[in-house]
There are 2 protein chains.
Amino acid sequence: MSAHSHEIEEGLSFQPRFDASGLMTVVATDVATGDVLMVAHMNDEALRKTIATGEAWYFSRSRNALWRKGEISGQTQRVVEIRTDCDQDAVWIRVEQIGAACHTGRRSCFYRKVEAAGGGAKLVFADAEQLFDPSAVYKK
Amino acid sequence: MSAHSHEIEEGLSFQPRFDASGLMTVVATDVATGDVLMVAHMNDEALRKTIATGEAWYFSRSRNALWRKGEISGQTQRVVEIRTDCDQDAVWIRVEQIGAACHTGRRSCFYRKVEAAGGGAKLVFADAEQLFDPSAVYKK
């Protein structure tokens with residue numbers, strides 16, 4: 001292992017590594033249940049704002065814009081802990097989620113299970129409950 | 001929302017969406033603790049094998065190869081549940097992890113916390129314990 005890799009993996013200097021698009025993968029889990037709420041992305045600015053403010057900021061690839069989680073829906077995330085992984089190209093945040101993380105109104109984006117079925121796979125709802133009405137929250 | 005988007009988000013047909021490199025992001029959490037163990041990638045074949053065998057398979061971007069988790073280290077992952085997210089471009093797997101998920105020998109790849117420090121950030125070990133010696137396991 002190179003000295004640089006050793007420093008990235010074993011050191012205490014935060015050197016976040018963004019991909020060619022300037023983004024890193026972020027996993028947000030619910031501090032109360034451990035459930036994965038969402039997988040999203042941060043750019044350098046979103047990461048800095050998250051660390052500085054204790055609220056989750058992301059970068060939306062579809063809208064190509066910085067985004068404070070909940071700025072439209074009110075469903076904000078208070079960040080309890082931030083961790084980074086061995087090669088510092090991903091971040092795990094443990095959050096207190098207000099309401100629903102998912103734009104469909106569900107608590108988590110991962111509301112369907114994948115189950116083996118006849119050589120392939122099918123989906124089964126694990127939690128179908130919608131905590132808000134998306135059509136009322138996200139007006140055109 | 002288009003009929004296609006509605007089907008992806010609300011339907012029970014599993015239509016995994018891979019990126020331009022043929023990969024999707026996978027989050028593996030420890031079924032016992034809820035901790036995030038690792039963030040990695042699957043291609044279509046890895047996803048199919050994971051569903052069919054109940055063991056976690058990934059695709060390594062650095063080695064450009066399909067990879068059964070633990071095939072070298074013995075630190076395998078038995079998959080208890082698979083979920084997909086609203087737009088079906090990510091997968092969350094809940095696993096029983098044998099030993100350590102991280103190639104550094106730690107239980108989780110996310111063994112360091114990110115903490116605000118003087119306008120920037122520093123890292124602090126959350127769990128430094130190494131369950132195996134990487135230099136003994138991964139021989140050149």
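Colleague: What share of the interface residues of chain B are also interface residues in chain A?

Modeller: Bear in mind that this is a predicted model. The copies meet through the same surface, because the interface residues of chain B turn up again as interface residues in chain A. The share is 100%.

Colleague: By what turn can chain B be laid on chain A?

Modeller: The superposition gives an RMSD of 0.0 Å, with a shift of 0.0 Å along the axis. That is the relation of a two-fold axis. The turn is 180 degrees.

Colleague: Which residue of chain B comes closest to the rotation axis?

Modeller: Going by C-alpha, the distance to look for is 2.3 Å. The residue at that distance from the rotation axis is Gly34(B).

Colleague: How many of the residues of chain B that touch chain A are nonpolar?

Modeller: Start with the contacts: 34 residues of chain B are in contact with 34 residues of chain A. Several elements of chain B each supply at least two residues to that side, among them β1 (24-30), α2 (44-53) and β5 (77-84). Seven of the residues on that side are polar and seven are charged. The nonpolar ones number 20.

Colleague: Which strands stand at the edges of the six-stranded open sheet?

Modeller: The sheet draws on both chains, in the order β8(A)-β7(A)-β5(B)-β6(B)-β1(B)-β2(B), with mixed pairing. Neighbouring strands in this sheet are turned by 35 degrees against each other on average, direction ignored. An edge strand has a single partner strand, so one side of it is left without a neighbour in the sheet. That applies to β8 (120-125) of chain A and β2 (36-42) of chain B.

Colleague: And where the chains join in that sheet, what is the bridge partner of Arg112(A) in β5(B)?

Modeller: The two strands involved are β7(A) and β5(B), which pair in the antiparallel sense over two bridges. Arg112(A) has its bridge partner in β5(B), and that partner is Thr84(B).

Colleague: Which residue takes a positive phi in the hairpin of β3(B) and β4(B)?

Modeller: Strands β3 (residues 57-60) and β4 (residues 65-68) of chain B pair in the antiparallel sense over four bridges. One of the bridge pairs is Phe59(B) with Leu66(B). The hairpin has four residues between the strands, and a phi near 50 degrees is taken there by Asn64(B).

Colleague: Why do the buried residues of α2(B) end up on the same side?

Modeller: The buried residues in α2(B) are Ala46(B), Leu47(B), Thr50(B) and Ile51(B). They sit on the same side of α2(B) because the arc they cover around the axis is only 130 degrees.

Colleague: Which residue just after α2(B) takes a positive phi?

Modeller: The phi in question is about 75 degrees, just after the end of α2(B). The residue is Gly54(B).

Colleague: Last one: how much of chain A counts as buried?

Modeller: Chain A has three helices and eight strands, in the pattern α-β-β-α-β-β-β-β-β-β-α along the sequence. Its C-alpha atoms fill a box of roughly 50 × 40 × 30 Å along the principal axes. Among contacts in chain A with a separation of 6 or more, 43% come from residues 24 or more positions apart. Of its 140 residues, the buried share is 37%.

Note on methods
Residues numbered from 1 in each chain as written. Chains lettered and ligands numbered in written order. Predicted model: local features only at pLDDT ≥ 70, side-chain atom pairs only at ≥ 80, totals over all residues. Pairing = 2+ DSSP bridges. Axes fitted to C-alpha atoms, helices over the stretch in contact; angles between N-to-C directions. Contact = placed C-beta atoms within 7 Å. Nonpolar A, V, L, I, M, F, W, Y, C, P; charged D, E, K, R; others polar. Buried ≥ 20, exposed ≤ 12 C-beta atoms within 10 Å, placed from the backbone. Arc of directions from axis to C-beta. Least-squares fit on C-alpha atoms with pLDDT ≥ 70 in both.
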